[in-house]
Structure formats: C-alpha cells, structure tokens
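Below is a short briefing on one protein chain. Please look over the sequence and the model before reading the notes.

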Amino acid sequence: MQGGGSGALGNARAAWAKARQRWWVRWGVDLAFLALIFVAVAAWQTRHLPGSGAPAPQFTLRTLTGETVSLESLRGKPVVLAFWAPWCGVCGAESSNISQLRKLAGDSAHVISVALAYDDEAAVQRFAQEHAVDYPVLLGDDSVQQAWRVNMFPTVFFLSPEGTIKRSVVGYTTLAGLSWRWML
C-alpha cells in the first residue's frame with residue numbers, strides 16, 4: 001500500500017485533513033504546540049536548580065533593615081523565595097508581581113526575596129526604592145547563589161511549609177503564574 005490512500009492510515013489522513021478545515025481544530029493544535037514549547041523551555045531553564053522534593057538549602061541572611069532571617073525560621077507556612085539582581089530589568093518588571101502576591105497571600109505564606117550579584121548594598125537599596133519594594137529583601141552572597149544554583153534572574157522557588165522545594169520558575173512570571181504555582 002503506497003501513498004496511504006487506503007486502509008486505516010489513509011482513513012486517518014483523510015479525517016485529519018477534514019478536521020484541519022475547521023478553525024478551532026487549527027487553533028487548538030497551534031495552542032497545544034505553543035504550550036508544549038512553553039513547558040519545554042521552562043523545564044530547560046530550571047534543569048540545574050534543586051529539584052522538587054529536595055530540601056531547601058539553609059541560610060541565615062541580613063535584611064536591608066538590619067534584621068537577621070534564617071530560612072529555618074520560616075517553616076510552618078509555604079515560602080515564596082524570589083532571587084533577583086539589582087541590575088536585572090526583568091527583575092524590576094516582576095517586582096510588582098511579587099509585591100501583589102505578598103498582599104494576596106497575606107498571613108498564609110511568607111513572600112521574601114534575596115538580592116544577589118550586586119556590587120554594594122546601595123545598589124540593592126536603589127532597586128528597592130525605584131521599584132517600591134514592600135516585601136522583605138535579604139542580602140545574599142555567592143555561597144547562597146551557589147547553594148541554590150541560581151544562575152539566571154529572576155528565579156523564584158516555592159517551598160512547602162516543611163522546607164522542601166515544591167517547584168521553581170526562571171524568568172518573568174505574571175501575578176497569575178506566581179499565584180498558580182504558590183497555590184499548587
């Protein structure tokens with residue numbers, strides 16, 4: 001059987017050709033293809049990060065206001081942990097989404113951030129002022145960046161109340177995307 005004109009394969013090809021004449025089938029296939037690409041890119045971007053179910057690397061860091069915060073002290077509630085750099089334009093764009101997520105989460109989760117890859121504390125302060133940061137900013141260092149394997153900004157981790165990593169995302173994430181990942 002050459003050409004696929006008869007038999008089951010030929011019938012399947014004919015049915016597919018007829019289905020593709022409908023606009024909603026073409027759009028559905030295109031959207032499914034785009035979703036597949038989106039999932040593949042997201043998986044590729046997070047391939048080096050600590051995986052789901054792994055214990056979150058511990059740290060104790062100073063905030064911009066001088067307090068000390070340990071990751072251990074945040075147990076008991078889910079944690080949204082955003083890593084960013086003050087020179088990162090995408091981080092600035094995502095900052096308001098982190099702020100809105102903190103308001104949305106209220107007392108049901110800890111929403112905090114860690115500044116990395118900065119030259120001096122003044123750069124972090126400027127970023128916080130320029131972007132009206134109203135969530136806690138911890139001052140990270142190279143050891144924290146290495147422990148969490150963060151090499152792209154922004155990177156956001158979603159931790160369980162027990163301190164394990166549930167999921168992560170790299171790059172700009174909308175409020176809807178952050179909320180969806182936090183609530184899962």
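Predicted model: local features only at pLDDT ≥ 70, side-chain atom pairs only at ≥ 80, totals over all residues.

Residues are numbered from 1 along each chain as its sequence is written, and side-chain values use heavy atoms, with hydrogens and water left out.

**Fold and overall dimensions**

- The chain contains six helices and seven strands (DSSP runs numbered from the N terminus: helices are H or I with at least four residues, strands are E with at least two).
- In sequence order the elements run α-α-β-β-β-α-β-α-β-α-β-β-α.
- The radius of gyration of the chain is 22 Å, whereas a compact globule of 184 residues would have a value near 16 Å (taken over C-alpha atoms; the globule rule is 2.2 Å times the number of residues to the power 0.38).
- The C-alpha trace spans about 75 × 35 × 30 Å along its principal axes.
- Buried residues make up 41% of the 184 in the chain (buried means under 20% relative accessible area, exposed over 50%, and partly exposed in between, with a 1.4 Å probe and protein chains only).
- Of the contacts between residues at least 6 apart in sequence, 71% join residues at least 24 apart (contact means heavy atoms within 4.5 Å).

**Charge**

- The chain carries 16 positive and 13 negative side chains (Lys and Arg count as positive, Asp and Glu as negative, and His and the chain ends are not counted).
- The centres of these two sets lie 19 Å apart, with each charge placed at NZ of Lys, CZ of Arg, CG of Asp or CD of Glu.

- Ser95 belongs to helix 3, residues 89-105, and is buried because its relative accessible area is 2%.
- The side chains of Ser95 and Tyr135 are joined by a polar contact of 2.8 Å (a pair of N or O atoms within 3.5 Å; within protein, one must be able to donate a hydrogen and the other to accept it, and residues adjacent in sequence count only if both atoms are side-chain atoms).
- Beyond its neighbours within four places in sequence, Ser95 contacts Phe127, His131, Val133 and Tyr135.
- His131 sits in the loop between helix 4 and strand 5 and counts as partly exposed, at 29% relative accessibility.
- With neighbours within four places in sequence left aside, His131 is in contact with Gly92 and Ser95.
- His131 and Cys91 are 40 residues apart along the chain, and their C-alpha atoms are separated by 9.7 Å.

**Backbone exceptions**

- Most residues other than glycine have a negative phi, and most peptide bonds are trans.
- Ala132, which is not a glycine, has a positive phi of about 50°.
- Ala132 is placed in the loop between helix 4 (121-130) and strand 5 (137-139), and is exposed, with a relative accessible area of 57%.
- Arg149 also has a positive phi, of about 60°, and is not a glycine.
- The loop between helix 5 and strand 6 holds Arg149, which counts as partly exposed at 45% relative accessibility.
- The peptide bond from Phe153 to Pro154 is cis, with omega near -10°.
- Pro154 is in the loop between helix 5 (142-148) and strand 6 (155-159).

- Val69 is part of strand 2, residues 68-70, and counts as buried at 16% relative accessibility.
- Not counting residues up to four places away in sequence, Val69 touches Phe59, Thr60, Leu61, Thr63, Leu74 and Leu138.
- The C-alpha atoms of Val69 and Phe59 are separated by 8.2 Å, with the two residues ten apart along the chain.
- Ala85 lies in the loop between strand 3 (79-84) and helix 3, and its relative accessibility of 0% is why it counts as buried.
- Residues up to four places away excluded, Ala85 touches Cys91, Leu116, Ala117, Phe127 and Phe153.
- Ala85 and Ala19 are 66 residues apart along the chain, with 49 Å between their C-alpha atoms.
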